[in-house]
Amino acid sequence: MTDSSTSLHPAPSRSRAYPYYSSPAWKRFLLTREFAVVIALIIVAVGASTSIRKFSSPLTLGYLLLDATPILLIALPMTLILISAEIDLSVASIVGLSNVTLGALFDAGWPVELAALAALVLGILCGAINGLLVTVVGLPSLAVTIGTLALFRGIAVGILGTKSVVNFPEYWTTLTTSIFGKSGIPYVIVLVVILALAFVLLLHFTPFGRGIFAIGRNQEVAAFSGVKVQRTKFILFVLSGLVSALAGIYFTFRYGSARGDNAQGLELTVIAAVLLGGVSIFGGKGALHGVLAGVLLIGTLQSALRFVNVTSDVINIVVGALLVASIVSPSFFAWLKGKIPRAARERASKAPASRG
Amino acid sequence: MTTLISPARKNPAARAIETLVKSRETGIVLALLMVLVVTTVRSPAFLVSTDGFRDLLLTPAIFVLLAIGQAMVIITRNIDLSVGSVVGLTAYLTGRLFVDFPGLPIPVAIIAGIALGALLGLINGALIACAKVPALVVTLGTLYIYRGVDVWWVGRKPINASDMPRDFLGFGVSSFLNIPTLAIIAALVLVAVGWYMRTTRGGRELYAIGSDPSAATLYGLRVAKRVILAFVACGALTGLAGVLFAARYGTVDSQAGTGFELISVAAAVVGGIAIFGGSGSVLGAAIGAVLLLTINRALPLLGVQDFWQQAVVGALILGAIALDRVLALRRFHKLIEIRDNAND
């Protein structure tokens, strides 16, 4: 009982301390969760390319980036949504729906560019449905997006049935998988970089972005501080729908196919990567450089393990374990941190008592 | 305050009727009956024939177990996304036991499946309750891990019907008094868990934890222990479902049970379990599972291609949570009104 009451009402300290700003700038930047992920990415990348033969070839890098692209794309809006303490589980279904829409319209004789545009519009619409249900109707986003996860996927499967559309124009399929010279960097990375910069600007350098953090910390305080909570959330879900649809179009051209069950389960990988990148599931905490490093870390690890003939099931175990470890470790360290000073305090408080 | 609560003035019969009309379960039962009637009118074999009647009870049995387990976890304001992988692992364990130990008694296989499920649930619960991290993330992780272990274990040796004793497979489709055994098992579990959740202290504490975790802690409830127990129970029920899956379908490959977590969450939500815990009943979740699976089977007969089935499930989930919200708002306004009237 005493334990819980002290944690609820901490004794007011005499001198105010600002632990965060009291440390120098380089420390604040380097000793962070995000930077730990970046370091882990560098260690894995360097370790893999030195110890595995041919891993450091441009071909490997090219495929790694091509595979990571949809996750990199969707992770951007997902980060913002998680920071605002919401969640979007329907992203993979929007990818599938955009993939199927593009395929079905192309199959019906539409020009492929127009079909892609329609898929993007549909993605915005899907995001708007999520956003409306969360903001206007006031439903929890977890329940809403579990529902739309099934709904959007169901529509995608319903449209094409067991059919699949192939034979997309070669111009687009080769453009999507093309690589800059011998560098191993695919063209599509340009798109990823542009979007990533846009999202970094939006999240970290605009009032809108600070509003997202404020909402994640405390929605009511944010509302009283003048943040338009509902509008912000709505925009985030629309952005998520738009980027997911874009990833769906990429998916279509990358694999040259449209099927109802494409990209099933992708939402799990995206959320795992974002959380691994240091975004808190409770909201209010996270940074995009950590998330991008998290996505690439998972991608590099998968690629490296595949190189040494580790099968996909073991890779799944590793990804799952990473996710659990990344979420459990902060509480573990906090527990450890609390344990050591408390033990010291107890010793200190006991000593005079025994003397007296 | 007397204006707020005055149930004693009504006579018991009126109160019972009012409860029946207002209860969430009645709504789902009505929806289920509607589906049954409409489909049976369109094609009588759906209900009247022996096969139709048997499938009506047999198909949902496994999902009723999953929905009950999921409901217990969601009531504590948690969620278990790993159930699909747990079904896969326990179903494969069952088959593997029969291959490795020919002549193994069936009850031993069932107990082994339940025990493995409970163990996997214990891992989930211990991580969540001890590290105080969200169930969504932990069970997302264990969804990967358990499925990875399953795929690795199955390798290139899936279990076929010929690997399992005929008695066991017969048990999967057997009936007692024309009622499928699996449905009887599911019903027994439903009665036991329903009784536990409704009347015992442990069950009520699960509701208390779900409605307000910090209040439950301050009140002195042992939140961590109860949450772990809920996850163990969910795991055990999922393990039982895995064993029944093996008995019912006879083949277990590495993808067995994939996506079942979505169906179990959907069944619970459609059945009136609030996603943020503290309300709903396992009976509702069980009826929710029956409703989903019945719709599933009814769609082709109603002329809707079964590809659209998942879209219907999604629409149902959204409809159910929107309905919950409307009812909650109405209750809230009514309480405010009563309070304002009392103050005047």
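**Note on the predicted model**

1. Val282(B) sits in helix H13 of chain B, which covers residues 282-301. Helices here are DSSP runs of H or I with at least four residues, strands are runs of E with at least two, and both are numbered from the N terminus. The model is a predicted one, in which local features need pLDDT of at least 70, side-chain atom pairs count only at pLDDT 80 or more, and totals for chains, interfaces and linings use all residues. Residues are numbered from 1 along each chain as its sequence is written, chains are lettered from A and ligands numbered from 1 in the order in which they are written, and side-chain values use heavy atoms, with hydrogens and water left out.

2. Is Val282(B) buried or exposed? Val282(B) has 3% relative accessibility and therefore counts as buried (under 20% relative accessible area; exposed is over 50%, partly exposed in between, with a 1.4 Å probe and protein chains only). Leaving aside neighbours within four places in sequence, its contacts (heavy atoms within 4.5 Å) include Ile68(B), Met72(B), Leu190(B) and Met197(B). The C-alpha atoms of Val282(B) and Ile209(B) are separated by 16 Å, the two residues being 73 apart along the chain.

3. Helix H6 of chain B (residues 135-154) has 20 residues, which at 1.5 Å a residue should span 28 Å; its end C-alpha atoms are 27 Å apart, which agrees. The expected span is 1.5 Å times one less than the number of residues. Because 17 of its 20 residues are buried, H6(B) is largely enclosed by the rest of the structure.

4. H15(A) is mostly covered, with 14 of its 20 residues buried. Asn309(A) follows H15(A) and has a positive phi, near 65°.

5. Chain A as a whole has 16 helices and zero strands. Of its 356 residues, 47% count as buried. Among contacts in chain A with a separation of 6 or more, 78% come from residues 24 or more positions apart. The chain exposes about 17,500 Å², of which carbon and sulfur atoms supply 67%; accessible areas come from the Shrake-Rupley method with a 1.4 Å probe, and for residues only the protein chains shown count as cover.
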